[in-house]
Amino acid sequence: YPMLSYSGKAELINGIPSAKILFTPYIYDPQNKSLTYIQKAIIEIKIEGKGKPERLSRGWYDIIFRENFPGYQGIILQEETKKQLNPFSQATLWFQIKILDEGLYSISYKDLEKAGLPYPVENFRMALFSRKSDTLPSSPFDSVTQLVKIPIEIIDKNHNNVFDGDDEIRFYTKSTKGIRNNLTGFENAESLIISRFSYFDNPYTDTFVLWLGIGSEPERIMERNLAFTNIVSTLTTYYHHEKNIQNVAWKGLLWVGEEILRTSGNQSAEITFNINLENIGSPEGYVRLRYSGGENLTRSLKAVFNGVDSVIDASFYGYALRTKQFYFRSAGTNNSLKIEIYGGNTNNTDRVYLDYFTIFYKKYTQNLSDEVAIYTSTDTTLAKIPISKNLIAVFDITNPLNPVKLTKAEINSAFFISDSLYPGKVYYFASTLKKPAKIELAIKAGNLYELNTNPDYIAIT
C-alpha cells in the first residue's frame, strides 16, 4: 500500500485528452501482516477545476471509451481561452504621455489632476506602459505583448499610500531616437562590441508615447546597492550626426542627408564636418558612417578623421547603401571628418548622399550628464565609478524597458556608483528631471480593438 497513485499532468495521446493512472492491485496490512489481491475495483476519478466552465465532447472515440470506462459520458474539454486583443483592458482609466527626449521624467499628482484625473489613487494602483519595439506591431494579435509595463519610482511625500497632494512618480524612458543595443553576447573585441550599437532616429515623428493606466498594479523600479573599490573612470559615449533631408527610395526609413556632388570635369568632391568633443578620456575611438550612391556610376570614397586616420571604399558602385567603421587614435577637443569621393568617369556628374556618421569615444564618467554611456571593454570587472555630485540618478539601461537604479554613494565629498561591468553594459546618467511634452486623458483608449462587426471604414494615417 498505497493502493492508487496519480502520475503526470493531463496530456493528449493521439489527439485524445488522457491522464496516466498507476494502479497497484494489492493491499498490505502491516498490523495483520496480510496481503490482499484485488481482482475487481471501482476507480473514482475526481477532476478539480479552477472555476472555469467545462463541457463534454462526443466523437469517434466514444465506442472505445464506453467499453473500458463504466458510466462513460464523454471527454471533458476546457473552454479555449479567447485571445486578448485589447491591451487597454489592463486598466480602467488611461492617460497618454508624450515624450520628446530620452531621460529621467517626473509626473506629479497635480499634473494628472490638471489633465483630468478625477480622484486620488489608492495604493498607487497606476502602471506605466511602453511599446516594446520602435515600430508598430505587424499584427493586432501582437498588441498585448508589445505594450509592456516599465518600472516607476513612487515618491509618496505624505506617506499615506495614496497618490495625492505633492506625490509624484519618476521613470526612465527611451524616445524616438537614441542608441539601440543589438549585442549577441559573442563579441570578443571592442570594435565588434561597438559595431552592435546603432543609432535609431525615426524620421516620421519626434514624439514617443507612453500610457499610464489607473487601476493597474505598478511595476516598481529596483535599486542596486553595491560597493566595490576598483576605479573605472571612463566609459564610451557617442556623437551622432544625421539629417533627414530626402527619402531616396520614396518609402521606408531610408532618409538621407547631405549631398556630396562632383560635377562633370572635376576629379573629386568633398564635405568636411567640424566636431567638438568635450572631456574626452582617450584619443582612441571609432567612426561609423553610412552613405548611399546617387548615380549609377563607379567611384571611390575616402573618410579621414583629423587628417590622420582614414578608411577607403574603393570601387563603390551605383546606388548601393554602404556602412564603414574605422578606428582612430587622434581625437581631441576639436576634430574634423572629411568625406571625399573621387575616381571613376569624371566626364559624368556623380553624387553620394551621407546618411549619418557616429563617433564613439571615451569620456570621463565625472563629466557624463543627461547622456548614455557604454562599457565597451572585453573584460568583466567589479567597478567603482566616479560621478558628478550634480547627478540625480544613474540607471543601468542595458534593458531599456527594465532600468535599474544604482545607489549613489558619497565618500570624502566625492560621489560614486558601483556595479559589475561586462561588455556592452549601458548606463544613463541623469542630471535633469524632465517633464512630458503633453499629458492627455485618453477617454477612447482601446476603442480601435473593439470594432463593430461591420465597420464602415478604418482610417490609417
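## Strand β33 and its partners

Let's start with strand β33, which runs antiparallel to strand β37 (residues 425-430) and is joined to it by 4 bridges. Strands here are DSSP runs of E with at least two residues, numbered from the N terminus, and two strands count as paired if DSSP finds at least two bridges between them. Within this pair, Ala393 has Ala430 of β37 as its bridge partner.

β33 also pairs with strand β34 (residues 404-406), in the antiparallel sense and over 3 bridges. Which way do the residues of β33 (residues 393-396) point? Ala393 and Phe395 point one way, Val394 and Asp396 the other, and all are buried (under 20% relative accessible area, with a 1.4 Å probe and protein chains only).

## About the model

This is a predicted model, in which local features need pLDDT of at least 70 and side-chain atom pairs count only at pLDDT 80 or more, while totals for chains, interfaces and linings use all residues. Residues are numbered from 1 along each chain as its sequence is written, and side-chain values use heavy atoms, with hydrogens and water left out.

## A five-stranded open sheet

Now for an open sheet of 5 strands, ordered β11-β10-β17-β7-β39 with antiparallel pairing. Its edge strands, β11 (147-150) and β39 (438-441), each pair on one side only. On average, neighbouring strands of this sheet are turned by 30° against each other, direction ignored; the axes are lines fitted to C-alpha atoms, and angles run from 0 to 180 degrees between N-to-C directions.

Phe95 stands opposite Leu441 in β39.

Note on methods:
Buried means under 20% relative accessible area, exposed over 50%, partly exposed in between (1.4 Å probe, protein chains only).
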